[in-house]
Amino acid sequence: MPRPAFPRTLREFQLTFASEAACQQYLAACRWPDGFVCPGCGKPHAYELAKRQRWQCAVCRRQVSLTSGTILHNTKTPLTAWFWAAYLMTTDKRGLSALLLQRQLGLRRYETAWMMLHKFRRAMVNLTREPLRGEVEVDETWVGGAQAGLQGSRQLRGRKAALVLVAVEKRGRASGRSRMAVIPDFRRATLTSFLKQNMAPGTTVYTDGLKSFSGLQDAGFKHVARIQPRRTAMRNGTKSVVPLADRAIGNLQQWLIGTHHGVSRDQLQVYLDEFVFRYNRRKQPMAAFQTLLGLGTGRAPTTYARIQGGKDLPPLLSES
Ligand SMILES: [Zn+2]
């Protein structure tokens with residue numbers, strides 16, 4: 001039972017996953033790419049119990065759920081809706097708002113759409129992911145609650161805006177993979193902690209002249225710090241010292257405002273993860289689609305209560 005090829009167009013997707021049965025076939029193909037094997041007796045014969053989303057071993061009668069270990073387990077929402085939502089989320093660069101998803105899928109409750117999107121967002125953080133390496137640009141930005149005019153740490157006093165650190169791999173003049181994190185402050189320990197969590201030792205880190213970035217050499221990185229030109233000069237064509245990170249920040253800000261009309265601070269990290277997820281997999285939509293549905297990751301499902309208020313998220317860097 002070979003895994004079917006990933007649909008290249010919206011039309012093809014619609015035709016491939018038009019029914020619950022088709023979605024179940026796909027789940028079975030992901031679960032048993034070389035054909036069904038009973039986890040009880042090891043025999044290769046089974047019947048489909050389509051209505052219960054299970055297969056039953058023809059020899060020992062054991063039942064195996066197609067959705068266990070995926071975010072689809074015990075869902076009351078049709079598989080076609082989940083597949084459709086995952087496809088839109090991986091292929092549409094703008095991402096989806098819950099309201100738009102509710103409308104597009106014809107869901108009765110807004111909460112259902114909201115829940116689906118947040119389950120996807122939590123599936124996006126691959127805990128075993130490879131650290132960035134080679135040459136990496138790092139820059140910081142404020143998100144939300146504009147505090148224009150205030151410089152650096154003085155902005156922290158109002159605390160309406162969130163501070164975000166952005167890292168982008170330099171591959172020649174193009175961008176490689178990215179990482180983004182909400183950070184509580186500009187302290188040297190905070191920045192070093194982010195770099196250590198996200199970059200391989202020996203990575204060359206390019207930053208602006210911010211003082212907190214000093215000391216990166218001691219932490220095992222090669223550090224290239226250059227003074228960032230003034231904004232007015234950059235508008236007139238002077239180049240940023242971290243152009244790839246700046247471009248990523250611009251895209252992020254545009255996306256947060258355009259698609260979500262701003263995001264609350266306690267959910268911000270989740271949105272950063274979504275942005276980075278799509279960004280890092282922009283060339284592998286099939287892998288992205290399967291990761292979202294939890295196919296092959298064995299990630300435990302997240303309950304509604306834990307998602308509200310971001311309770312299941314890891315604590316901010318320096319608070320951990
Ligand atoms: Zn069996």
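Analyst: Two strands pair if DSSP finds at least two bridges between them. Helices (H or I, at least four residues) and strands (E, at least two) are themselves DSSP runs, numbered from the N terminus. Keep in mind that this is a predicted model: local features need pLDDT of at least 70, side-chain atom pairs count only at pLDDT 80 or more, and totals for chains, interfaces and linings use all residues. Residues are numbered from 1 along each chain as its sequence is written.

User: What makes strand S4 and strand S7 a pair?

Analyst: Strand S4 (residues 135–143) and strand S7 (residues 204–207) share 3 bridges in the parallel sense. The cut-off is at least two bridges, so they count as paired. Glu-135, for instance, has Thr-204 in S7 as its bridge partner.

User: Which sheet do they sit in, and in what order do its strands run?

Analyst: It's an open sheet of 5 strands with mixed pairing, ordered S6-S5-S4-S7-S8. Strand S6 (174–183) and strand S8 (222–225) are the edge strands, each pairing on one side only.

User: How do you know which strands helix H6 packs on?

Analyst: By contacts, meaning C-beta atoms, placed from the backbone, within 7 Å. Helix H6 (residues 188–198) touches strand S5 (162–171), S6 and S7. The direction of H6 makes about 135° with that of S6; axes here are lines fitted to C-alpha atoms, for helices over the stretch in contact, with angles from 0 to 180 degrees between N-to-C directions. Helix H9 (residues 268–280) packs on the sheet too, touching S4, S5 and S6.

User: Why are strand S1 and strand S3 said to stand at the edges?

Analyst: They belong to an open antiparallel sheet of 3 strands, S1-S2-S3. Strand S1 (46–49) and strand S3 (63–65) each have a single partner strand, so one side of each lacks a neighbour in the sheet. S1 pairs with strand S2 (residues 54–57) over 4 bridges, and Glu-48 has Trp-55 as its bridge partner in S2.

User: What makes something a nonpolar core?

Analyst: Buried Ala, Val, Leu, Ile, Met, Phe, Trp, Tyr and Cys residues, joined through C-beta atoms within 7 Å. Buried means 20 or more other C-beta atoms within 10 Å of the residue's own (exposed is 12 or fewer, partly exposed in between), with C-beta atoms placed from the backbone. The largest core has 63 residues, and Ala-86, Val-164 and Val-166 touch the most other members. Helix H3 (residues 79–91) gives the most to this core, with 8 residues.

Note on methods: Contact = placed C-beta atoms within 7 Å.
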